[in-house]
Amino acid sequence: MTTEQRSDVVAASDGWRQIFLTYRVYFTAAAIVAVTGLMAFALYRLTEEVRYQDVVAALSDTSWADIGAAMFFTGLSFLCLIMYDTNALDYVGRKKSFASVAVTAFTAYAVGNTVGFGPLSGGAIRLRAYSRLGLTPGEIARVIGFVTLSFGLGLLVVSALATLAVAPRVAGILGIDPVWLRVIAGGIIAIVTIVFWLGREGRSVKLGKMRLRLPDSRTASRQFLVSAADIAASASVLYVLLPETHVGWPTFLAIYATAIGFGVLSHVPAGLGVFEAVMMAGLSQAISLDQLLGGLVLYRLVYYVLPLLVSVVLLLVTEMRALAGRPGVAETAAVAGRLAPTLISTLAFILGAMLIFSSVVPSTDLTLDLLSSYLPLPIVESAHFLSSIVGLVLLVTARGLSQRVDVAWWVAVVASAAALFMALLKAVAVVEAVALALLLLALFVNSKEYTRRAALRPQTLGPLWAASIGVILISALVVLLFIYRDTEYTHRLWWQFTFEDDAPRGLRALLGVTLGAAALTAYGLLRPAHIRTAPAEPDDLGKAVDIAITQDFADANLVRMGDKHLMFSASGKSFIMYGIHGRSWIALMDPVGVEAEFPELVWQFVETARGYGGRAAFYQISPSLLSCCADTGLRAFKLGELAMIDLPTFELKGGRFATLRQSHARGLRDGLTFTVVQPEELEPILPQLKAVSDSWLDHHQAREKTFSLGAFDEDYVRAQPVAVVWLEGKITAFATLMVTNTKAEATVDLMRFAPEAPKGTMDFLFVSILDHLKQVGYQRFNLGMAPLSGMARREAAPVWDRIGGLLFEHGERFYNFKGLRAFKSKFHPRWEPRYLAVANGAGAALALMDVTFLIGGGVKGVISK
């Protein structure tokens, strides 16, 4: 193969890799549905000799003592899961009250176990709760990484140890040579042991191009014991629900841990189908399948659904005023209230799935006899069919509930009430009705949380939400085919309406739900294309400027450029400035104005962008806005760092500032002088400023930037003071200042100097600016953002990090990111993180590129610099 051919192969490989990374979330969703379909087919084939009646009998044979034991082990497992978080907080050095951590961890695991995607779903809960407890986003990310890695390694080591102990037994069940099982298990234990020995006392371990900092030996040992206890307790939940068998507990633990591992790796919500398939494959020779299926159903209810219901009940209890007012409980109540929408959303999703499953499960003969005595057949049939449709409505509405949408609350209330009523009409389903009543109670108690206005229209579901609904529909289809395996499927089934025939009712209900889901999918595909909003009108621009000058953040003055769109809060006292490029709606920095209005304004912006088919993103936002973004379903990615100088304590004394002192002194010797020209005095010197700006652009072969930077526009320059450096009566350098009336903060925007300016002129300019601002009473100086610095550039890094790191390292064609960081570091500022918030990783990469185009003035501006 020639060099050119190899280059073509590499280029093609990179192209496919980029396509995969860009559309990874869609590929993941498709893979989840595909894996679910394969597992469903496998389960259907595995249960060919099992009948529904046998499973029901096995369920009824389970004693209340066994159920009680399963509940005990569930509580023990969740206590261990809470210890994951307490150990993680200890690891990052941020211990918090046990009650608040317990509420957060219990809720995170109850939701994460149920809906799947634990690091995302549980991680979002931790972000909301722990940010309220004072943790920074970086610390929360370390907590999430700690618990995720702890569970994964604990599961791996526990399964390996169990397999090593009972290899012959496991090998007999799985049909594998026990020697190979022992070799694999021993290899896993040896590798993990070596890794942790190398990383003892908190040292870092390099795995390929990735460097991992491991906890110290004490923390690692303690966490392993917690992980082992958690997995052992959760395995015991299922073990006590199964009948007596010759399979010993160690053997069962090895198979259980393997099944859990496959369920996690599949990314299917709650490992539904995958876990069951592995357990049935591993235990089918030791336990009758009808008893195993019955135990698995009870296990799902006890270990997954029950903790979720307990979480909702705890939420309702903490909302009680008598308790919330007690000392020590207020913080826990505040954390629980913060998690309420997520909990209620998850409960609505689970109950929606329950309604769909119940529509394909037959009613008992006793129930049918009772219904036929009091209700006409059309009412029962209608209630059965409509109940399944309401189940789909709850599935879809759950997304809006998690985002605190007011319309979603109303739809959920109406749907839950209707479903509760129909649960009694279709099958006198008391348990179903009680669960729906709990959802209604939770919705009413937390009605104050749902204040975000949105249009009354179907929401476009994201790929993972659509995949979750697909998993439920496939599972319901398998349940239907399993229950009515002996039914002869003919066209006349669709038109059979009798109390005795359950199969036609189930078929019609599932068909209705499937058609409804298809209609929602079609809506998402065929909805109107992106429409641009109108640019800011002069009146709106004036209103935004009036808001900007009365608050503390100097960067808000970028609104004066007039090149951005504006979105105001309902009161008109706050606004977001944003740009649009392609499908990206990119808000610049935090909202400006009244901080209490920011959450609603963020939500308004995200919903408007989605309504126009756009991709909402927030660029250069502070850590304080991350929880608001998380509430709208956005994820945060670190962009870089902002340099901040505290002016009251700033002095050029000491060795660190020797270079700056020398530059300032040399500037004075060279004849440089400094003045600050107020806006009303700028008119006579504008031509000189323009000449310096033009010569600077020409010397650097650059174009004016936009969006996050100002351009030399005379109206824009006139609006604020300008710091000027003179040499022999001529302007040799200048910087436009951005200030507000509060004097809390000042910053600069345009920074230009003439090519013939003496060396060190910009250092002289900035030292003079800092000294002037300190003298007139400003509190801090914002040196600006160092974009894209600190982003990972290793090959295994996510696509947004690699693109950002590449632009930072080699982005001189676009903007001198690296040089900016080096210049600002000379002032030894306090660095504050800044983030990009967007829907997913692929969206982050696209948003970063769109930001580059906005700054550069479009594709042409970027290409021509």
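Here is a chat about a predicted model of one protein chain.

Colleague: Hi! Before we zoom in, how many helices and strands does the chain have?

Modeller: Hello! This is a predicted model, and the chain has 32 helices and 13 strands.

Colleague: And what share of the residues is buried?

Modeller: Of the 865 residues in the chain, 53% are buried. As for contacts between residues at least 6 apart in sequence, 75% of them join residues at least 24 apart.

Colleague: Let's look at helices, then. How do helix 17 and helix 18 pack?

Modeller: Helix 17 covers residues 377-402, and helix 18 covers residues 406-427. Their axes are 8 Å apart and the packing angle is about 150°. An angle over 145 degrees counts as roughly antiparallel, so that is the word for helix 17 and helix 18. Helix 17 passes helix 18 in a left-handed crossing.

Colleague: Which residues make that contact?

Modeller: From helix 17 they include Ile 379, Ala 383, Ser 387, Val 390 and Leu 394. Helix 18 contributes, among them, Trp 409, Ala 412, Ser 416, Met 422 and Lys 426. By class, the contact of helix 17 with helix 18 has 16 nonpolar, five polar and one charged residues.

Colleague: I spotted Ser 387 there. Is Ser 387 buried or exposed?

Modeller: Ser 387 is buried, with a relative accessible area of 0%.

Colleague: What is Ser 387 in contact with?

Modeller: Leaving aside neighbours within four places in sequence, Ser 387 is in contact with Leu 355, Met 422, Lys 426 and Glu 432. Met 422 and Lys 426 are part of the helix 18 side of the contact with helix 17, and Glu 432 is in helix 19.

Colleague: Nice link. How do helix 18 and helix 19 cross?

Modeller: They cross at roughly 160°, and their axes come within 9 Å. That makes helix 18 roughly antiparallel to helix 19. The crossing is left-handed. The contact of helix 18 with helix 19 has 15 nonpolar, one polar and two charged residues.

Colleague: Another pair: what is the handedness of the crossing of helix 11 and helix 12?

Modeller: That crossing is right-handed. Helix 11 (residues 249-266) and helix 12 (residues 274-283) pack at about 150° with axes 8 Å apart, and they are therefore roughly antiparallel to each other. Their contact has eleven nonpolar, four polar and no charged residues.

Colleague: Which residues meet there?

Modeller: Phe 252, Tyr 256, Ala 259 and Gly 263 are among those in helix 11, and Val 274, Phe 275, Val 278 and Met 279 are among those in helix 12.

Colleague: How many residues of helix 12 are buried?

Modeller: Nine of the ten are, and helix 12 is mostly covered. Glu 276 is one of the buried residues, along with Ala 277 and Met 280.

Colleague: On to strands. Is strand 3 paired with strand 4 in the parallel or antiparallel sense?

Modeller: Antiparallel, over four bridges. Tyr 578 in strand 4 is the bridge partner of His 565. Both faces of strand 3 are covered: His 565 and Met 567 are buried on one side, and Leu 566 and Phe 568 are buried on the other.

Colleague: What sits between the two strands?

Modeller: The hairpin has six residues between strand 3 and strand 4, and Gly 572 takes a positive phi near 80° there.

Colleague: Which residues other than glycine have a positive phi?

Modeller: Met 589, near 65°, is one of them, and Lys 743, at about 60°, is another. Most residues other than glycine have a negative phi. Met 589 is in the loop between strand 5 and helix 23 and is buried at 12% relative accessibility. Lys 743 is in the loop between strand 10 and strand 11 and is partly exposed at 35%.

Colleague: Last one: what does Phe 674 touch?

Modeller: Phe 674 is in strand 8 and counts as partly exposed at 22% relative accessibility. Not counting residues up to four places away in sequence, Phe 674 touches Ala 723, Val 724, Phe 764, Leu 765, Ser 768, Ile 769 and His 772. The C-alpha atoms of Phe 674 and Trp 726 are separated by 6.3 Å, with the two residues 52 apart along the chain.

Key:
Residues are numbered from 1 along each chain as its sequence is written. This is a predicted model: local features need pLDDT of at least 70, side-chain atom pairs count only at pLDDT 80 or more; totals for chains, interfaces and linings use all residues. Side-chain values use heavy atoms; hydrogens and water are left out. Buried means under 20% relative accessible area, exposed over 50%, partly exposed in between (1.4 Å probe, protein chains only). Two strands pair if DSSP finds at least two bridges between them. Axes are lines fitted to C-alpha atoms, for helices over the stretch in contact, and angles run from 0 to 180 degrees between N-to-C directions. Angles under 35 degrees count as roughly parallel, over 145 as roughly antiparallel, 65 to 115 as roughly perpendicular and the rest as oblique. A crossing is left-handed if the near helix is turned anticlockwise from the far one by less than a right angle, and right-handed if clockwise. Contact means heavy atoms within 4.5 Å. Ala, Val, Leu, Ile, Met, Phe, Trp, Tyr, Cys and Pro count as nonpolar, Asp, Glu, Lys and Arg as charged, and the others, Gly among them, as polar.
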